[in-house]
Amino acid sequence: MSTTASDPLAALGSLPGVPDAVDSVRKAVDRVYGHRVMRRRSNEVTAEAALRGSRGSAALAGADWSLEEVRRRTDFSGEDEARTVGAALRLTAEAGQLLSIWRQSPLRVLARLHLVAAGGATPDDAVGRPRLAGEIVDEPLIEAPLPGAQEVAGRLEGLSRLIIAGGSAPALVTAAVVHGELLALRPFVSHNGLVARTAERIVLIGSGLDPKSICPAEVGHAEQGRAAYVAAFEGYTAGTPEGMAAWITHCGRSIELGVRESTAVCEALQRGAA
C-alpha cells in the first residue's frame, strides 16, 4: 500500500472505476440474498459456497480438482495436491469462527489460519509466526520479489492497525487490500495464498457485505484464471492508482462470479436438483 492519506483505504475507494465496482458488487450480493431459497435453506447455500470456494482457492494454489472430486474425497493426506485441498477446506471451515478476534487482533487470526492450513505439513517451529530472515517461502503462483522479514513485520503491523481502526472504506476495498497485502508480503513459510484468500473471506463476512458467507470470491478468482489473477496482483504490487484500481475491480468481479455460482445453487435447490 503506497497511499499515505489519513484514511488510506477510503481514499482507494475513490479511484477511477472502483465506485462502480463497489456498487456492482453490492447489487449482486443483494440480489442473491433476496432469493426466495435464502429464506429457508440458507445453511445449505452457505455449505455449498464453502465447498466451492475451497475448491477455487486450492485451484489457484496448484490443486485444480473437480468439484465432484473434492466432494467425494475423505482423505486429504498423502500427495501435495490432496494436502492443498485439505488445507483450503480447513481454512474455509475456520473462517467463520474468527470474526470477533479479527476485529481485535488480526495478527492472531493470521497466525491461527497458518496453523490450520499447515496441518502438520510445515515444521512446528515455523507454524503460526511470520517468517524469519533467510527462511525459504514455498508459495506457488506468486513470483513477485519477496520483502525481507523486517519489512514484513512492519507492514503486518500497519495492516493490523488499519483493520482495528476501521474506517469508511467499502468492504470490497478492505477485502482486496488485505488479500493483496498478504500476497505481497507472503509472511509465512507456506500456504500464503490460501491464507490471503481466507482473510479476504473473513473481511467480506465481518463487514456485513456477506454475513452468511454465500458469495465465495475464491470461485471467481479461479474462474478468471491464474494468469488474470497474477496480472491483477501485479497492479497491486506496482502501487499506482491504476494498478490498485485494477486489483480492486478484479476482486469485485471475483465476488460477482461467486454470487453467480451461489445463485445457481439457489436455483438448483428451488428445483429440487441439489
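Which helix gives the largest share of the lining of the second largest pocket? The largest share, 3 residues, comes from H10. The views below show a predicted model, in which local features need pLDDT of at least 70 and side-chain atom pairs count only at pLDDT 80 or more, while totals for chains, interfaces and linings use all residues. Residues are numbered from 1 along each chain as its sequence is written, and side-chain values use heavy atoms, with hydrogens and water left out.

**View 1. The second largest pocket.** The volume of this pocket is about 270 Å³. A pocket is an open set of points on a 1 Å grid over the protein atoms alone, with protein on both sides within 12 Å along at least five of seven lines; lining residues have an atom within 4 Å of a point. Of the 14 lining residues, Ile163, Gly166, Thr174, Val203 and Ser207 are the closest to the centre. Helices H6 (99-104), H8 (149-165), H9 and H10 each give two or more residues to the lining. By class, 8 lining residues are nonpolar, 5 polar and 1 charged.

**View 2. The largest cavity.** The structure holds 2 cavities of 30 Å³ or more, a cavity being a set of grid points where a 1.4 Å probe fits but cannot get out. About 50 Å³ of space lies in the largest cavity. Its lining includes Arg197, Glu200, Asp210 and Glu218. Helix H10 provides the largest share, 5 residues. The lining has 5 nonpolar, 1 polar and 5 charged residues.

**View 3. The second largest cavity.** This cavity has a volume of about 40 Å³. Among the residues that line the second largest cavity are Ser54, Leu91, Thr198 and Arg201. H3, H5 (80-95) and H10 each give two or more residues to this lining.

**View 4. Helix H12.** Helices are DSSP runs (H or I, at least four residues), numbered from the N terminus. In H12, Tyr229, Ala232, Phe233, Gly235 and Tyr236 are buried, that is, under 20% relative accessible area with a 1.4 Å probe, protein chains only. They cover an arc of only 145° around the axis, which puts them on the same side of H12; the arc is that of the directions from the helix axis to the C-beta atoms. What covers these buried residues includes H3 (42-60), H9 (171-185), H10 (192-206), H11 (217-224) and H13 (241-271). Gly239, with a positive phi near 75°, follows H12.

**View 5. Gln270 in helix H13.** Gln270 lies in helix H13. Not counting residues up to four places away in sequence, Gln270 touches His35, Arg36 and Val37, contact meaning heavy atoms within 4.5 Å.

Conventions
Buried means under 20% relative accessible area, exposed over 50%, partly exposed in between (1.4 Å probe, protein chains only). Grid points are joined across faces, edges and corners, and a volume is the space filled by probe spheres set on the points. Ala, Val, Leu, Ile, Met, Phe, Trp, Tyr, Cys and Pro count as nonpolar, Asp, Glu, Lys and Arg as charged, and the others, Gly among them, as polar.
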